[in-house]
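Please keep the sequence and the model in view while reading.

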Amino acid sequence: MKTLPRLFENNRKWANQVCAADPDFFKKLSRQQAPEFLWIGCSDSRVPANEIVGLLPGELFVHRNVANLVVHSDINCLSVIQYAVQVLKIRHIMVCGHYGCGGVRAAIEECPHGLVDNWLGHVRDVVRKRHRELSEISDADRRVDRLCELNVIEQVQNVVNTTIVRDAWNSGASLTVHGWIYRISDGLLQDLDVSVSSDRERDGQP
Ligand code: CO
């Protein structure tokens with residue numbers, strides 16, 4: 001018995017539509033992928049990477065996890081970054097968070113959430129680091145939203161501090177790391193203006 005027939009039906013329709021617009025699309029795609037961008041985003045179902053930025057299959061390399069974290073010892077995320085930078089030679093990495101992130105919110109709630117609380121310890125590190133700024137925001141939702149932004153900014157730093165990105169810059173590669181945030185309630189992206197394109201910028205030099 002076939003399960004989830006609606007999804008297979010949707011898939012056939014989608015493949016047909018793509019073929020109608022470009023009959024060779026899948027044939028070309030099966031030969032190679034040459035994306036220019038690596039998206040590091042949240043697993044949240046309301047933040048679908050390709051759709052938000054209007055990119056087709058083959059145009060965006062993607063890594064998603066709860067609360068869009070880049071952890072120095074996470075072999076999964078690091079492997080994605082390494083493959084993207086060294087093999088695919090992507091030019092831009094965007095860490096994209098979103099307002100109202102459930103993972104970020106859970107990180108500052110008192111109640112336990114099970115295993116995920118271990119992962120969210122990395123968000124609590126950001127809270128500790130930015131405690132003063134966050135404690136001055138009295139509205140709870142605004143505090144979560146600011147933490148969503150600060151978390152993106154911190155993860156951008158984690159990306160640029162990887163040996164992968166530093167080695168790429170040292171060898172003269174053109175690579176920019178961006179911090180973006182998405183608002184689920186209006187579908188719009190915002191650039192947090194924390195892009196880093198070189199070792200000099202990483203060190204805070206002009
Ligand atoms: Co989220």
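A residue is called buried when its relative accessible area is under 20%, exposed when that value is over 50%, and partly exposed in between, with a 1.4 Å probe and protein chains only. By this criterion, 39% of the 206 residues of the protein count as buried. The model is a predicted one, in which local features need pLDDT of at least 70 and side-chain atom pairs count only at pLDDT 80 or more, while totals for chains, interfaces and linings use all residues. Residues are numbered from 1 along each chain as its sequence is written, and side-chain values use heavy atoms, with hydrogens and water left out.

The overall form comes next. The C-alpha trace spans about 55 × 45 × 30 Å along its principal axes. The secondary structure comprises 11 helices and 5 strands; these are DSSP runs numbered from the N terminus, with helices (H or I) of at least four residues and strands (E) of at least two. The protein exposes about 11900 Å², of which carbon and sulfur atoms supply 51%; such areas come from the Shrake-Rupley method with a 1.4 Å probe, and for residues only the protein chains shown count as cover. Contact here means heavy atoms within 4.5 Å. Among contacts between residues at least 6 apart in sequence, 62% join residues at least 24 apart.

Which residues coordinate the cobalt ion? The ligands are Cys42 through SG, His98 through NE2 and Cys101 through SG, at 2.0 to 2.3 Å. Donors are N, O and S atoms within 2.8 Å of the metal (3.2 Å for Na, K and Ca), and sites may look incomplete because water is not among the atoms. Along the chain, the donors of the cobalt ion follow the spacing C-x55-H-x2-C. Cys42 belongs to strand E1 and Cys101 to the loop between E3 and H5, so this pair ties together parts that are 59 residues apart in sequence. Cys42 is buried at 6% relative accessibility, and Cys101 is buried at 1%.

Asn68 is located in the loop between strand E2 (60-65) and H4 and is buried, at 1% relative accessibility. Ala67 is buried, with a relative accessible area of 0%, and its phi is near 70 degrees, a positive value in a residue other than glycine. A positive phi, of about 55 degrees, is also found at Lys89, which is not a glycine. Lys89 sits in the loop between H4 and E3 and is exposed, at 57% relative accessibility.

The interior may now be considered. In soluble globular proteins, nonpolar side chains tend to be buried together. A nonpolar core is a set of buried Ala, Val, Leu, Ile, Met, Phe, Trp, Tyr and Cys residues joined through side-chain atoms within 4.5 Å. The largest such core has 46 residues, and Leu38, Ile81 and Ile93 touch the most other members. Elements that each supply at least two residues of this core include strand E1 (37-42), helix H4 (75-87), strand E3 (92-98) and helix H9 (140-160). Helix H9 gives the largest share, 9 residues. A second, separate core of 9 residues includes Trp39, Ile52, Met94 and Tyr182. Residues up to four places away in sequence aside, Ile81 touches Leu38, Ile40, Val70, Ile93, Ile164 and Val165.

Helix H9 also contains Leu147, which is buried with a relative accessible area of 0%. Leu147 and Val104 are 43 residues apart in sequence, while their C-alpha atoms are 7.2 Å apart in space. Besides Val104, Leu147 touches Ile108, Val123, Val126, Val127 and Leu134, not counting residues up to four places away in sequence. The buried residues of H7 are Gly121, Val123, Val126 and Val127. Their cover includes H5, helix H6 (116-119), helix H8 (131-135) and H9.
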